[in-house]
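I opened the notebook to log what I looked up in this model.

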Amino acid sequence: MLDDTDTRLLAALQKNAHLTAQELGELLNLSPSQAGRRRQRLEAEGYIVGYSARLDPLKLGLHVQGFVQVLLHSHGPEQAEGFARLVHTRPEIISAWTMTGEADYLLRVYCADLPALNTLLHEVILPHPAVARVQSQIVMDQFKPDAPLPT
């Protein structure tokens, strides 16, 4: 069970994962050792699953962000496993979800440009034997960046 201090600690770490135990302690009115122990407990209990850096896609030459809805021909375990293997091999696909509704999957992709997105769609995803149809949407502008989870 999380208390108020735990939720404040999680919120602070989502904004800046580099906070030291000293800085966390100051934010939470705890000693550095208490703050450090709380962080370790939240990591051990699986509330914190890892730390990562957010990179600027434009500086990396990734100028096209898109969402791709994928519909499979059939829904057997072999088709799903085969498609999941494909998704895991492609670095352009940065996240994937199984969905309810018309599409079976929603993929978030980053590509260098429109020809690269076209190649991903027409030479990688559509030829997969399990795929029946794809529909893509290109992101024009992301006016709210990926935000921390509510705590």
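Which side chain meets Arg-38 in a salt bridge at 2.7 Å, N to O? I looked it up and found Asp-6. I count a salt bridge when a side-chain nitrogen of Lys or Arg lies within 4 Å of a carboxyl oxygen of Asp or Glu.

Basis. The model is predicted, so I note that local features need pLDDT of at least 70 and side-chain atom pairs pLDDT 80 or more, while totals for chains, interfaces and linings use all residues. Residues are numbered from 1 along each chain as its sequence is written, and side-chain values use heavy atoms, with hydrogens and water left out.

I take helices (H or I, at least four residues) and strands (E, at least two) as DSSP runs, numbered from the N terminus. Asp-6 is buried at 1% relative accessible area. My classes are buried under 20%, exposed over 50% and partly exposed in between, with a 1.4 Å probe and protein chains only.

Arg-38 also forms a salt bridge with Asp-3, at 3.0 Å from N to O. Asp-3 belongs to the segment before α1, and 35 residues separate the pair. Asp-3 is partly exposed, at 32% relative accessibility.

I found a salt bridge between Arg-108 and Asp-146, with the closest N and O atoms 3.0 Å apart. Arg-108 is in strand β3 and Asp-146 in the segment after β4 (131-138), 38 residues away. Arg-108 is buried at 11%, whereas Asp-146 is partly exposed at 46%.

Shared partners join the salt bridges of Asp-3, Asp-6, Arg-38, Arg-41 and Glu-45 into one network. I get eight salt bridges as the count.

In α2 (residues 21-28) I list Leu-24, Gly-25 and Leu-28 as buried. Seen down the axis, these residues fall within an arc of 100°, so they line one face of the helix; the arc is taken from the directions between the helix axis and the C-beta atoms. Their cover includes α1 (4-15) and α3 (32-44), where contact means heavy atoms within 4.5 Å.

I use a 1 Å grid over the protein atoms alone; a pocket is an open set of points with protein on both sides within 12 Å along at least five of seven lines, and lining residues have an atom within 4 Å of a point. The largest pocket holds about 880 Å³, the volume being the space filled by probe spheres set on the points. Of its 23 lining residues, Leu-13, Gln-14, Gly-50, Ser-52 and Pro-148 lie nearest the centre.

The second largest pocket holds about 680 Å³. It has 21 lining residues, and Leu-55, Pro-57, Arg-108, Tyr-110 and Gln-142 are closest to its centre. The elements giving two or more residues to this lining are β1 (64-72) and β3 (105-111).

I place Gly-82 in helix α4 (residues 77-89), where Gly-82 is buried at 11% relative accessibility. Its C-alpha atom is 14 Å from that of Ala-132, 50 residues apart along the chain.

Note on methods. 1 Å grid on protein atoms, 1.4 Å probe; cavity = no way out; pocket = protein on both sides within 12 Å on 5 of 7 lines; lining within 4 Å.
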